[in-house]
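Take a first look at this protein and its ligand. A short tour follows the display.

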Amino acid sequence: MKPQPVTPLADAVETAVVDAVRRALPDVGGTEPLVRRSDFADFQSNAALPLAKRVGRAPRDLAGPVAESLESADLIADTEVSGPGFVNITLTETAIWDQVAARVAQTSLGLNTPLAGQTIVIDYSGPNIAKEMHVGHLRTTIIGDALARLGEQLGATVIRQNHLGDWGTQFGMLIQYLLEHPEAEWHDVDGDDPTANIAALAVLYRQAQGVFNDDEAFANRARRRVVDLQSGDTETLGVWRDLVEVSTAAFAAIYDRLGVGLTDADNDGESRYNPELPDVVDDLVEAGIAVESDGALCVFFEEFKGPDGNPVPMILRKADGGFGYSATDMATLRHRIRDLKADQILYVVDARQSLHFKQVFAAARRAGWLTDDVDAVHVPFGTVLGPDGRPFKTRSGKTVRLMDLLDDAVAKAGEVIAEKNPDIDPAELATLAAATGIGAVKYADLSTSRVKDYMFDTEQMVALTGDTGVYLQYAHTRVAAILRKAVEAGHSVDGTVDSSLPMSTMERQLSLHLDGYDALLAETMALREPHRLTGYLYALAKAFTGFYEANPVLKAETDGSRTNRLALVRLTQETLRHGLSILGIVAPERM
Ligand code: ARG
């Protein structure tokens, strides 16, 4: 069955307000009212305020007739004018119960797909070849993955692009060193763990750097190797390919551990753009955008100034003829606009690269590649800090290995679960520990306002209480348990609703919160802020607790009331599970 979208109550109310304005105030012209949830009623509309301004009358004078006219609608039980001219709107219990029924009856909650027909390119992860992924890459990977899932949920065609750092002069030095040290071990260093190969490569890289600095002859051979790499010399390319393969296998192990759906098909590394760079740069020279300066080719901007107040140029080609990161990103942008026909292009990259993206977008605008039809956005995120509040390092000052970090989170989550469930079967514990440990890492990242720095504290992440992934997973299992018990007791949980029954305050609050999920998803994507979704789910878990404490489900006063409440329980479970899956977090049935 193809899911049928359900119109959210907020939208139905909005339509009703538009109609009421037309009926009650035929001479003021149309309105686009803002309807939002309110503490004083179910919804509140401010429609009268902009209208009053337009016709020069008091808002309350207009709000009155609108409120009266609204009361005639089926959906609405009561209205009231409040404050400077707001209309408070209370819905009928029937309309709310019907909405619950309509959503449970749908396979995917009756969600709408407002981005259908759009193509969204999401550039995320982007680790560097021959280097270990670090905590910053963890953030872009987790945020990018959530935005990709969300975009797809909203109906868009999402193209994932993993812009690997797989090209550049640094590889000349490493390849030269590896060719001169055939005994060096960087394959199958640890049979079980492909990321160990990169750890070994990182050591070799540092050694190569040391020799490069001390030994002029080696430095010259390394420089020649760069030329060999660029001209496609077979032996050189062979080692390079090997480096790419070993590195991407390690990245894949991390993606796999995280449950992130990036594959080799999503790779869109710097090397891929290398052959296009002369053409990209020529285009910019011809358009008069790129100019020579001290032998380098640059784009100058009046608007972007450095700390010293002088404009900072974007360097496309260095004086030695080498193209840089900026030239490559001009190429990624052109490709994504011209060939992938993207409507939105999101670069999920560290906030410290914000000047780079401002310059790339501004240059592309000047070149006419980037027009108002395309939304190119840098989606920045803050730095990951250690528990001491400083950029995350090990105690000895080394960068923390990502796999170790994930292992640690899984181990700690395992302890928390074992403590709650001393008799749990070891195999089940292992599965649950993985789901909750990884979920905790993702949730901690996603629930922090994206642009803020955030503190990586495994102990806190796996806590059972507070705004954590484990808490939400646990909330989900509690809701699932109620449904299981209901089935055991012989009750139907198929979501039938008798909409003529009265509705309690808590039932009402939970229902309205559940119905707001649709709009919340669209808003989360529009702002590219996953923490909106985590906040919504956390509030949902709280609203459910409030409901469940006040309204017995299995021991409800009447059969009808129990059935209605079970429909709400089911809708809550499905919404929690759905939201967690958008965040890339597993929702276990029990833990
Ligand atoms: N490799 C870069 C880094 O590690 C990230 C690439 C981001 N994507 C881009 N199109 N620039 O910082």
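This report goes from the whole protein to one helix and then to the ligand.

The model is predicted. The protein has 591 residues, and 43% of them are buried. Its secondary structure comprises 21 helices and 13 strands. Along the principal axes, the C-alpha atoms fill a box of roughly 85 × 70 × 45 Å. Consider the contacts with a separation of 6 or more: 73% of them join residues 24 or more positions apart.

A domain assignment gives two entries, domain 1 and domain 2. Their centres, taken over C-alpha atoms, are separated by 66 Å.

| Domain | Residues |
|---|---|
| domain 1 | 9-91 |
| domain 2 | 168-260 |

Helix α1 covers residues 9-24. Which residues of α1 are buried? They are L9, A12, V13, E14, A16, V17, A20 and V21. An α-helix has 3.6 residues a turn, so residues three or four places apart point the same way.

Now the ligand. The residues around it are D123, G126, N128, H163, G165, D329, T332, Y347 and V349. By class, this shell has five polar, two nonpolar and two charged residues. Which elements each supply at least two residues of the shell? They are helix α12 (325-338) and strand β10 (344-350).

Conventions: Residues numbered from 1 in each chain as written. Predicted model: local features only at pLDDT ≥ 70, side-chain atom pairs only at ≥ 80, totals over all residues. Near = placed C-beta within 6 Å. Helix = DSSP H or I, 4+ residues; strand = E, 2+ residues; numbered from the N terminus. Nonpolar A, V, L, I, M, F, W, Y, C, P; charged D, E, K, R; others polar. Buried ≥ 20, exposed ≤ 12 C-beta atoms within 10 Å, placed from the backbone. Contact = placed C-beta atoms within 7 Å. Expected span 1.5 Å × (residues − 1). Domains from an automatic or database assignment.
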